[in-house]
Amino acid sequence: MSPSVAETRDPQIAPLRIAPRESGEHRTEAQRDIVIKLEDVSCYYGSFRAVRNVDLDIAGREITALIGPSGCGKSTLLRTINRMNDLVPVFRLEGQILLDGQPLYAPRVDPVEVRRRVGMVFQKPNPFPKSIYDNVAFGARVNGYRGNMNELVEQSLRRAALWDEVKDKLRQSGMSLSGGQQQRLCIARAIATEPEIILMDEPCSALDPRATLQIEELMFNLKRDYTIVIVTHNMQQAARASDVTAFMTMGADRAGYVVEVGPTAQLFTNPREQLTEDYVSGRFG
Amino acid sequence: MRTVSNEMTAARRPLTRRVPASERLIEVLLFLAAAVGVVTTIGIVLVLLAQALDFFREVSPIAFLTGTVWSASIEPLQFGIIPLVVGTLDIAVIALVVAIPFGLLAAVYLAEYASMRTRNVVKPVLETIAGIPTIVLGFFALNFVTPRLLKPLFGSDIGTFNVLSAGIVVGLLITPLIASLSEDALRAVPRGLREGAFAMGATKWEVVRKVAFPAALSGIMASIILAMSRAMGETMAVVLAAGMNPQLSLDPRQSVETMTAFIVQISTGDTPQNSIQFKSLFAVALVLFSITLMLNLISNRIVARFRNRYS
Amino acid sequence: MSATPASPAAAGEALFDPRLARRKLTGTIFLGACLAAIAVLLIALILLLMDVLTKGVPYLDLDFLTGVPSRIPARAGILPALVGSIEIALIVGLLAFPIGIAAAIYLTEYARDTFLTRLLRTNISNLAGVPSIIYGIFGLAVFVRALQLGYSLLAGALTLALLILPVVIIASMEALRAVPDSQREGAYALGATRWQMIRGAILPSSASGVMTGIILAMSRAIGETAPLILVGAVTFVTFLPTPLEGGYTVLPIQVYQWATRPQQDFQAIAAATIIVVLVLMLLLNLLALVVRARLSRHISW
């Protein structure tokens, strides 16, 4: 069984955050506000269990990383948070996910509304073949935004650190940008729906190192206003960029489960589980 | 520093939201559009059956299906469909004899040998041929194929309206069909199969003949069956080229009448709509529809089984 | 067995008789056959066009295009047929386009993969293979008789619209399927409903393929003859047709009427009419190319 965050956090040992981020933020346990709670979550595709018994708390205004070898269900788990798995007809979830205390998978919950509040950025940038402006405005428009669109677009692009590069060519096609710019465009359009949470599914794996660094820097800034959950293959990235890391792996029954969760620095330098130690030191994965 | 934008504040809005009625309405409308297809099929079957049954009240179906004399306008009226079916088959067979070698050779070339440049020339040519209105092909048969190609060959033995010219132009019509479907079938054969043969020292032609072609055979067969169905359903080209003489004859130099030509003949004539001749139109159409439908279904089955093998 | 060979390969060598030169020659011969086949097809196309052009061009002048049919070939014109063809093509396009794209959207985006859906899809592809004359018979029974539209241009247009509908649906489905799923996911992740996703992310991206499909289908409708004969397009019309009244003709039917007359002059004006038909189809095909180029400018999946 994967230990939940609440159980492992021993108040005596680590009351303060370890390895403060460059922005100088220190947060106490009391300051951590849990926005997403996964309680005993298991994911099924038909009769195949892809993820089992996950308990995970995700705190607001932090970056939580999910790491682990490929195929262990990290993406599946990530997608439960914005109900993207619903697009697969045979998908089924057991357990409960709470968003701000409200259950996400309650019968009357509308996935469309969930997805407005929980944004997602994908592995391969997927801008629409529309203008940059229309890309950013798309989410806002479908959700009935009635404010000043120009302002919203500019603001979203600024927050995605893309404004200066595209402000003179907003009418150009979003697909004419470079890979890194396209990904920032995707982040901008996700931000435009004013989500609380941004999910990122290996957002840098299709980008070159320079673009990757830009995205990581962007994530630091975004953290001030948004909660970020990122799935990444790249351990160094998780170590650099995240506050909390959850390590998942695949069990003998081919179901993924969370081995260990903890503050990033601690997980990488002094993990509790042997399996975690093996993974972060490169012995498998 | 997050801007508070009025309606969209993420704050504690409930997660439930009604699916707007317009979404449901749109889905219903789209479904109705898709249902037009089913309605059409059912409609065609019903119309043909109903009217044909009306015909069969006066003419026995057995006599209809097995009779060898078709005389719809001249007394004594006889409605044996065999001459029409044979006429249709005659032309279809000749068309296939023309189209299969040309189509397959073209397909092999396009799939195995052609460079990008040649493809960009050959494919448009094939598509143009496929796009020629069939009445133009009939005109071509009447004005060129018969007088300039066939008459010099056969002299006065061949009539102005003859099966051979109809078969040739219909063959031209269906060649692109065989070519493009067979090309697809050849391309669907996995590279690994070919590379294995090359690695053993086979020449390019041998790889095509002994590996690619046999592997693509079901796709090729399916294309031929589809082409045959198309040839049998062809109307205007055969009307102009083969005329409307419903004699039971296997001589390609003669004029015959196909099922489709008969349907045209009756509807352009002065035949009153409740006469037995007019009703025979529907019975003939029913037979034509059944044959082409059966061929199409067989072709689909073969394609489905073929696709499963390589997916 | 030869005396101790130097190596297994050397021993093997003696057992093979590759005859490489001859095998390669066979290959070359067949390649030649392929090229010859293609040449023959090309020549056939050229012969056909030459035949039509040489017979028809002398009769192709402004009087021909603006005149009405006449019993005297030299004075005959095709204006009613031309107007009829254009009218029918427009109505057919207006009918087949919305229904076709709507059906395609349903079949690709909404329908779950059930037996019923597969049946719908097979049904569409079977309809595409039904001979055109059968559609004419259906049109006769349903539009002309049952719906009492009589032998009107509208009945003809409805019949042709049904004829090309399966083709439009199939082409549109292909265009919709060509849009990668990542686009759909991106739209859903932003909180779009299914229709918002389709309208905002899928339709604009597939517009090129869809429009091309309908234009090409219209081009095909212009060349159709048999179904219209069945629903009563007549062959001698000297007035300009209107959709609801009876008595109309289209260019292919005019060709049919003249081509069945033995006199050479009639054959010639039939050829001239054919040229007009082919020109119209060519224009539509060029339009389709232009549309495809413009609408798929920024699309690169």
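1. A word on confidence to begin with: pLDDT is the predictor's confidence in each residue, on a scale from 0 to 100. Chain C averages 88 on that scale, and 93% of its residues reach 70 or more. For the complex, the predictor gives an ipTM of 0.89 and a pTM of 0.87.

2. Some housekeeping. This is a predicted model, in which local features need pLDDT of at least 70 and side-chain atom pairs count only at pLDDT 80 or more, while totals for chains, interfaces and linings use all residues. Residues are numbered from 1 along each chain as its sequence is written, with chains lettered from A and ligands numbered from 1 in the order in which they are written.

3. What is chain C built from? It has 12 helices and zero strands (DSSP runs numbered from the N terminus: H or I of at least four residues for helices, E of at least two for strands).

4. On overall shape, the C-alpha trace of chain C spans about 95 × 65 × 40 Å along its principal axes. Its radius of gyration is 27 Å, whereas a compact globule of 301 residues would come out near 19 Å (taken over C-alpha atoms, with the globule rule being 2.2 Å times the number of residues to the power 0.38).

5. Now have a look at α4 (residues 79-110) and α9 (residues 194-222) of chain C: their axes come within 9 Å and cross at roughly 140° (axes are lines fitted to C-alpha atoms, for helices over the stretch in contact, and angles run from 0 to 180 degrees between N-to-C directions). The residues that make this contact include C:A89, C:G93 and C:F97 of α4(C), and C:I198, C:I214 and C:M218 of α9(C) (contact means C-beta atoms, placed from the backbone, within 7 Å). By class, the contact residues are 13 nonpolar, three polar and two charged (Ala, Val, Leu, Ile, Met, Phe, Trp, Tyr, Cys and Pro are nonpolar, Asp, Glu, Lys and Arg charged, and the others, Gly among them, polar).

6. Lastly, where chain B meets chain C, the contact takes 61 residues from chain B and 63 residues from chain C. Which helix gives the largest share of chain B's side? That is helix α1 (residues 21-56) of chain B, with 17 residues. Chain B's side has 38 nonpolar, 19 polar and four charged residues.

Methods:
Two residues are in contact if their C-beta atoms, placed from the backbone, lie within 7 Å.
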